[in-house]
2 protein chains.
Amino acid sequence: MRIVFAAMVPLCLAVAVIGADNAEPVPRIVDAGLRSEQAYRKLSWLTDRIGPRLSGSDNLNAAIAWTQAEMKRDGLVNVGAERAMVPHWVRGEASGRILAPAPHPMEILALGMSDGTPPEGIAADVIEVSSLEDVQALGDKAKGKIVLFNKKIFPNGGDDRGYGSAAGLRHKGAAASAKVGAVGMLIRSLATADLRLPHTGSMEYEDGVPHIPAAAIAPEDAELIHRFLAAGETVKVTFTLSCKNLPDTESANVVGEVRGSEKPDEIVVIGGHLDSWDVGTGAQDDGAGCAVVMEAARLIRSLALKPKRTIRVVLFTNEENGLRGGIAYANTHAAELSKHVAAIESDSGGARPQGFGVTAGPGAVEVVRRLAAPLAPIAADDVQAGGGGADISKLADAGVPQLGLRQDGTHYFDVHHTMADTLDKVDPHDLAMNATAMALMAWQLANLDPPLARPEPAPSKP
Amino acid sequence: MRIVFAAMVPLCLAVAVIGADNAEPVPRIVDAGLRSEQAYRKLSWLTDRIGPRLSGSDNLNAAIAWTQAEMKRDGLVNVGAERAMVPHWVRGEASGRILAPAPHPMEILALGMSDGTPPEGIAADVIEVSSLEDVQALGDKAKGKIVLFNKKIFPNGGDDRGYGSAAGLRHKGAAASAKVGAVGMLIRSLATADLRLPHTGSMEYEDGVPHIPAAAIAPEDAELIHRFLAAGETVKVTFTLSCKNLPDTESANVVGEVRGSEKPDEIVVIGGHLDSWDVGTGAQDDGAGCAVVMEAARLIRSLALKPKRTIRVVLFTNEENGLRGGIAYANTHAAELSKHVAAIESDSGGARPQGFGVTAGPGAVEVVRRLAAPLAPIAADDVQAGGGGADISKLADAGVPQLGLRQDGTHYFDVHHTMADTLDKVDPHDLAMNATAMALMAWQLANLDPPLARPEPAPSKP
């Protein structure tokens, strides 16, 4: 299947790309990209050899060093690490149990940035909610309780019934619960598969609101508590977290370039985030994105193609629990953002690519659709309005057009932020297709005249 | 959907059962069975309220008490507990790590009946195999090593590529490894889903062969070790198990009857096993089977139907790590086994029923196929040669015809012997269909004249 695909595509492309700028390089990128195993090799090293890459960890530092060396080996220039201070949260241990009406263990993971519990843990009755409004409405009923946010999510559900519909509960649930007097917060894992696997993820405290400990439990545990409550039982649980927040520590974004031949000061950023959660090895989130952008630049370089503008790979630090890498990049490069013609992020895993999302000025979606057309033979040419990525979102204020490489997300939230986010979940050829799509889009945006329209400025605030 | 089904079936059955014995009761059983929620309620109590039921545990004793009370409430007679001595293995704690070439945690569960490691654990290089023959061929190479049995299984793969193809490695792998000088045994979990979930299960030592510790690791961990070994690396791991084998302890099979009206001494046994592993709550394995046979008897009793022969519910103890319940039943009832006309077991979970497997004498498959025909409207009428269950296998020597209720097994080995074998994996109406199928077959076999042909005796040994 794989060989057939690689052999077939150039023939299709010979027709598809007639009339496109730089017509000849495009099929060369596609052909070489679909034959390459380099993206998977890079991802293998990041995950199997280096491992999870939480902000502040030795592993992330090792990844920062290794990716620079790798970019140099691949022939990129101006390779370096750009300093960013990051939060330094450490997980420690977690355990939890249902105490009543019947004893059961809970599979539990602290939410990132949560404070720990006292060493003996906390124990309280559970009160169940499914929204932030529910919590507010509890009033005094929540006093001394542990609030359980129990909202099931569905694959490809987006902001309606998917991850986006529940991530806010994870971020803000502890503060909302503390405001009404709760002593702890639990959340049903934001999971689209039920195999007793807890999913971590970031949370935030609010100034002036007590810091109560916050953790995710497996979907099965949340279902069990729900069944007990629905039967009219009082449910008492206990949990212990030894996680803690240490002082901020130094980290870095890793950058490297394929330098532009005509307008080297104009930049197309292609990025992913190098940090990951500390459970699993961050293969889908976002080792895949890092491998894809590194491989995209390597591909262009290996074909001795010379883009008119500079293609800059950025591996951001600290996307997961602070976004400090994205903020640092925007600050460090503030003076040149007016010459950033586009930024493309890949942060939705390594499954089969579907196309791009675009947040830019008038007509930009149509232009990107035309540029993506050569990806029709691999069904990666679906371009939609709206898209980007968390790390590059900080470039939006400066009017940089934002693109997100979109992947099939059906199974992404099965493993997202879990022990199961490991290399075996990524198909090598799917990853090669992603790198190919990224290389093709970066190459064309680096040569596009005029560049993509920048977003209309938001109306100035009064 | 559910209401439509229940309303529709009797109409179909009115045609289907023309000519069958006891034609009128059959549609009544089916109609009442498909409307009933009692099987799920029983399973809920066994799993959520009582919990996992390992041999020797207080929970199993609680289940033995509760199921007797429940059978009495349901109007069964001769309800009681029949003593059986069982192994008393306790799990303790388990932990494991890959030490080299890169550090990674392993998700690990001791195999049932394994001895523990020294408190500091064991650490050694890994040697990978996929069969017992592979181990034997290792010879001196295995000395001082930890042997990893790494065989992937597939859903519905049976003895060729499914659970049956690898269970023997779990049972006999430690002894085979110890014979060639290995110091520990690991096995890739017998799993058909990969979400970093280890699957436990039973193993056996051999007399005169050193007892080396044995554990299952998550599929992802086995894959990672395989990738390292395939790259030519030396892989070193460590693991610690605090499991231990205590002296045998007292347990019991639970029995209860719907007494026969004409030939009360002739028996149809319907059974499942009440014990489970100590991880998860044994919902699929085999709380479902227990709920199904209890509900089948309750259904017949609640309709005031009087079978000619006695239908005897047997909830066997210790199927998982000893089969002592099955052995005890065969011994205790040795004198009456010639009057056991059939035994039906349900021990393949609570998913949608497909039909029955039959191990009996000439013509029996065809007879059972005719008896199962009224289940055609719910697609549970597929009768195949071969089938039974571990607990009733001990009745085979006495020539008792064996039947197994067959379920859709596609997802059974996703959760089998894991923390994820919990109530939420069972659909209430699927379970009702199983109980209906069991009741219908038990009722008909209790009334069948002549009874099913007994298996031909095996040729006597010289």
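Q: How much area do chain A and chain B bury between them?
A: This is a predicted model. In it, chain A and chain B bury about 2,300 Å² between them, with 59% of that on carbon and sulfur atoms.

Q: And how many residues does the contact take from each chain?
A: Chain A gives 30 residues and chain B gives 30 residues.

Q: How many salt bridges across the interface?
A: Six between chain A and chain B. One salt bridge joins the side chains of A:R49 and B:E233, at 2.6 Å from N to O.

Q: What about residue pairs in polar contact?
A: There are 10 between chain A and chain B, counting pairs with both residues at pLDDT 80 or more.

Q: Which element of chain A gives the most to the side that touches chain B?
A: α8(A), with four residues. By type, that side of chain A divides into 13 nonpolar, six polar and 11 charged residues.

Q: Switching to β14(A), residues 353–359. Why call the strand largely enclosed?
A: Because five of its seven residues are buried, the rest of the structure largely encloses β14(A).

Q: How does β14(A) pair with β16(A), parallel or antiparallel?
A: Antiparallel, over six bridges, with β16(A) covering residues 402–407. A:T359 stands opposite A:Q402 there.

Q: And β15(A), parallel or antiparallel to β14(A)?
A: Parallel, with four bridges joining β14(A) to β15(A), residues 382–385. In β15(A), A:A385 is the bridge partner of A:V358.

Terms used: Residues numbered from 1 in each chain as written. Chains lettered and ligands numbered in written order. Predicted model: local features only at pLDDT ≥ 70, side-chain atom pairs only at ≥ 80, totals over all residues. Heavy atoms only, no water. Contact = heavy atoms within 4.5 Å. Buried area = accessible area lost by both parts, 1.4 Å probe. Salt bridge = Lys/Arg side-chain N within 4 Å of Asp/Glu carboxyl O. Polar contact = N/O pair within 3.5 Å; in protein donor to acceptor, adjacent residues only side chain to side chain. Helix = DSSP H or I, 4+ residues; strand = E, 2+ residues; numbered from the N terminus. Nonpolar A, V, L, I, M, F, W, Y, C, P; charged D, E, K, R; others polar. Buried < 20%, exposed > 50% of the residue type's maximum accessible area, 1.4 Å probe, protein only. Pairing = 2+ DSSP bridges.
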